[in-house]
Amino acid sequence: MGLSTYRPALDNGITSPYAHLRQYVVSSTLAPDTDPAVTVVPDDPSALVRDLKGEVGTALDVWLCGGGRLAGALLPEIDELLIKTYPVVAGTGVPLVDGAFDPTVFDVAERTAFPHGVISPASPALTGSNKSCRS
């Protein structure tokens with residue numbers, strides 16, 4: 001996750017917001033000893049993701065929890081997008097992917113619409129093309 005995503009937890013005294021997961025925070029300013037369960041990544045988050053993807057025998061899913069700037073930096077490493085949309089227009093906000101214009105094509109693997117007020121469990125992982133998108 002990026003520091004901007006991690007900051008609200010820190011501001012409320014929570015140094016390990018995803019204690020059930022391996023946690024990495026991309027930041028060049030955060031102290032590396034903020035929490036023993038959190039690894040601070042000062043540079044090159046793409047190298048970290050490649051290393052995680054290359055771990056043998058772990059069957060890892062690597063999830064990005066952050067804003068558009070981190071997503072933009074990691075775009076070449078993203079294999080699947082899960083995009084949630086809500087029928088509300090709020091105005092300005094954080095871009096989904098920030099950075100230079102660089103069209104990246106994803107195949108739509110699944111699209112599900114739910115009636116108002118219905119919550120559904122997450123769909124199982126997708127298989128198939130190298131890059132996919134669910135919305």
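Predicted model: local features only at pLDDT ≥ 70, side-chain atom pairs only at ≥ 80, totals over all residues.
The protein chain contains three helices and five strands. Their order along the sequence is α-β-β-α-α-β-β-β. The chain has 135 residues, of which 24% count as buried. Its accessible surface is about 9,800 Å², and carbon and sulfur atoms account for 58% of that area. When contacts between residues at least 6 apart in sequence are considered, 58% of them join residues at least 24 apart.

Helix H1 covers residues 3-11, and its buried residues are Leu3, Tyr6, Ala9 and Leu10. Viewed down the axis of H1, these buried residues fall within an arc of 115°, so they line one face of the helix. An α-helix has 3.6 residues a turn, so residues three or four places apart point the same way. The cover over the buried residues of H1 includes S1 and strand S2 (38-41). On the face of H1 turned away from the buried side are the exposed residues Ser4 and Asp11. After H1 comes Gly13, which has a positive phi near 80°.

Asp11 also takes part in a salt bridge with Arg7, in which the closest N and O atoms are 4.0 Å apart. The two residues are four apart in helix H1, so about one helical turn separates Asp11 from Arg7. Asp11 is exposed, with a relative accessible area of 57%, while Arg7 is partly exposed at 35%.

Strand S1 comprises residues 23-26 and includes Gln23. Is Gln23 buried or exposed? Gln23 has a relative accessibility of 4% and therefore counts as buried, the cut-off being under 20%. With residues up to four places away in sequence left out, Gln23 touches Ser16, Pro17, Tyr18, Ala37, Val38 and Thr39.

The loop between S2 and H2 holds Asp44. Most residues other than glycine have a negative phi, and most peptide bonds are trans. Asp44 is not a glycine, yet its phi is positive, at about 50°. Asp44 is partly exposed, with a relative accessible area of 43%.

Helix H2 spans residues 45-54, with Pro45, Ser46, Leu48, Val49 and Leu52 buried. Seen down the axis of H2, the buried residues fall within an arc of 160°, so they too line one face of their helix. They pack against S1, S2 and helix H3 (68-74). S1 and S2 are also part of what covers the buried residues of H1. The face of H2 turned away from its buried side carries Asp51 and Gly54, which are exposed. Ser46, in helix H2, is buried with a relative accessible area of 13%. Apart from neighbours within four places in sequence, Ser46 contacts Ala73, Leu74 and Glu77.

How many salt bridges does a search of the whole structure find? The search finds five. Side chains of opposite charge can pair when their charged atoms come close. Besides the pair within H1 formed by Asp11 and Arg7, there is a salt bridge between Glu55 and Arg22, with the closest N and O atoms 2.8 Å apart. This pair links distant parts of the chain, since Glu55 is in the loop between H2 and H3 and Arg22 is in the loop between H1 and S1, 33 residues apart. Both residues are partly exposed: Glu55 has a relative accessible area of 28%, and Arg22 has 47%.

Another salt bridge joins Arg50 to Glu77, where the closest N and O atoms are 3.1 Å apart. This pair also links distant parts of the chain: Arg50 is in helix H2, and Glu77 is in the loop between H3 and strand S3 (80-82), 27 residues apart. Salt bridges that share partners join Arg50, Lys53, Glu77 and Asp79 into one network.

Definitions and conventions: Residues numbered from 1 in each chain as written. Heavy atoms only, no water. Buried < 20%, exposed > 50% of the residue type's maximum accessible area, 1.4 Å probe, protein only. Contact = heavy atoms within 4.5 Å. Arc of directions from axis to C-beta. Areas by Shrake-Rupley, 256 points an atom, 1.4 Å probe, with all protein chains shown as cover. Salt bridge = Lys/Arg side-chain N within 4 Å of Asp/Glu carboxyl O.
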